[in-house]
Amino acid sequence: MRPTALALLLTLALPAATLAQAPSMNGGTIPAAVARALADPARQADAADDARRKIAEVMAFAEVKPGQRVLELVPGSGYWTRVFSAIVGPQGHVYTVWPDEMGKYSAKSFANWQKLVATPHYANVSLLQQPAAQLNAPKPVDLVFTAQNYHDYHDSFMGPVDMARFDKEVYAALKPGGLFVIIDHVAPAGSGVADTDTLHRIDPAVVKQEVEAAGFVFDGESQALRNPADSHDKKVFDPSIRGHTDQFIYRFRRPAE
């Protein structure tokens with residue numbers, strides 16, 4: 001399917017009434033481009049997770065728009081990617097980064113990803129394979145996004161990565177005024193990076209400190225994925241909390257020049 005056909009399909013897939021009146025979102029309104037993306041028939045299997053993962057709120061918070069370029073770090077199953085692809089449309093692009101080090105531990109996911117980027121429906125999605133410590137994008141992007149993976153860059157299997165350098169590479173990949181949005185599992189306050197390889201959590205204060213040190217300006221926080229019932233002392237894969245961990249969503253902006 002050609003990119004222009006993708007745009008037409010997304011428009012036809014959403015009822016005219018929905019396009020005229022986008023559904024509400026915690027008292028607000030879902031941007032029309034996000035509503036169209038969520039209605040894409042190609043992501044039907046993802047829809048069951050939308051309420052839990054607060055996809056509409058996250059996309060609105062990330063300020064993603066048609067025609068933009070997005071750089072997504074470690075896309076996993078492609079849940080977020082499929083929505084990014086539909087929002088930015090045929091005039092935009094989604095670059096997905098699979099660090100070489102991550103691919104060694106996620107062979108099945110990586111194989112599935114290679115199939116996704118070869119699918120005509122996702123002609124505006126491409127795969128970037130590169131060392132974790134050498135992030136770069138083919139063109140300046142409007143948004144760098146990572147969900148539940150920022151903590152991984154601190155772990156030994158990823159290098160570990162020099163995070164001061166990494167966050168500067170993210171900064172360099174963005175257009176002036178561009179956004180860096182990070183979602184991750186909350187670790188106990190004051191724990192720093194002690195739990196990144198054990199509980200797969202990270203102290204939000206450390207993330208803020210690291211990213212701001214690269215020149216970013218903190219631009220806001222979403223409470224959409226916060227869960228006060230999470231004690232922060234369990235591994236994120238523990239059945240009692242998996243899928244419902246307390247997660248922070250931070251937005252940082254590269255200052256306009």
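I began with the largest nonpolar core: it has 68 residues, and Leu71, Trp80 and Phe180 touch the most other members. Helix H6 (residues 79-88) gives the most to this core, with seven residues. I kept in mind that this is a predicted model.

Next I looked up the neighbours of phenylalanine 180. Leaving out residues up to four places away in sequence, I found contacts with Val144, Thr146, Tyr150, Asp167, Val170, Leu174, Val211, Phe216, Tyr250, Arg251 and Phe252.

Then I turned to helix H5 (residues 55-62). Seven of its eight residues are buried, so the helix is largely enclosed by the rest of the structure. I noted the buried ones as Ile55, Ala56, Glu57, Val58, Met59, Phe61 and Ala62. Glutamate 63 follows H5, and its phi is positive, near 60°.

Threonine 96 came next, in strand E4 (residues 93-99). Is threonine 96 buried or exposed? Its relative accessibility is 0%, so threonine 96 counts as buried. I found its side chain in a 2.9 Å polar contact with the side chain of tryptophan 113, and also 2.9 Å from the backbone oxygen of serine 126. Beyond four places in sequence, threonine 96 touches Glu72, Pro75, Thr81, Trp113, Val125, Ser126, Leu127 and Leu128.

Last, I checked histidine 121, in the loop between helix H8 (107-117) and strand E5 (125-130). Which side chain does the histidine 121 side chain make a polar contact with? I found aspartate 40, at 3.0 Å.

Definitions and conventions:
Residues numbered from 1 in each chain as written. Predicted model: local features only at pLDDT ≥ 70, side-chain atom pairs only at ≥ 80, totals over all residues. Heavy atoms only, no water. Helix = DSSP H or I, 4+ residues; strand = E, 2+ residues; numbered from the N terminus. Polar contact = N/O pair within 3.5 Å; in protein donor to acceptor, adjacent residues only side chain to side chain. Buried < 20%, exposed > 50% of the residue type's maximum accessible area, 1.4 Å probe, protein only. Core = buried A, V, L, I, M, F, W, Y, C linked by side-chain atoms within 4.5 Å. Contact = heavy atoms within 4.5 Å.
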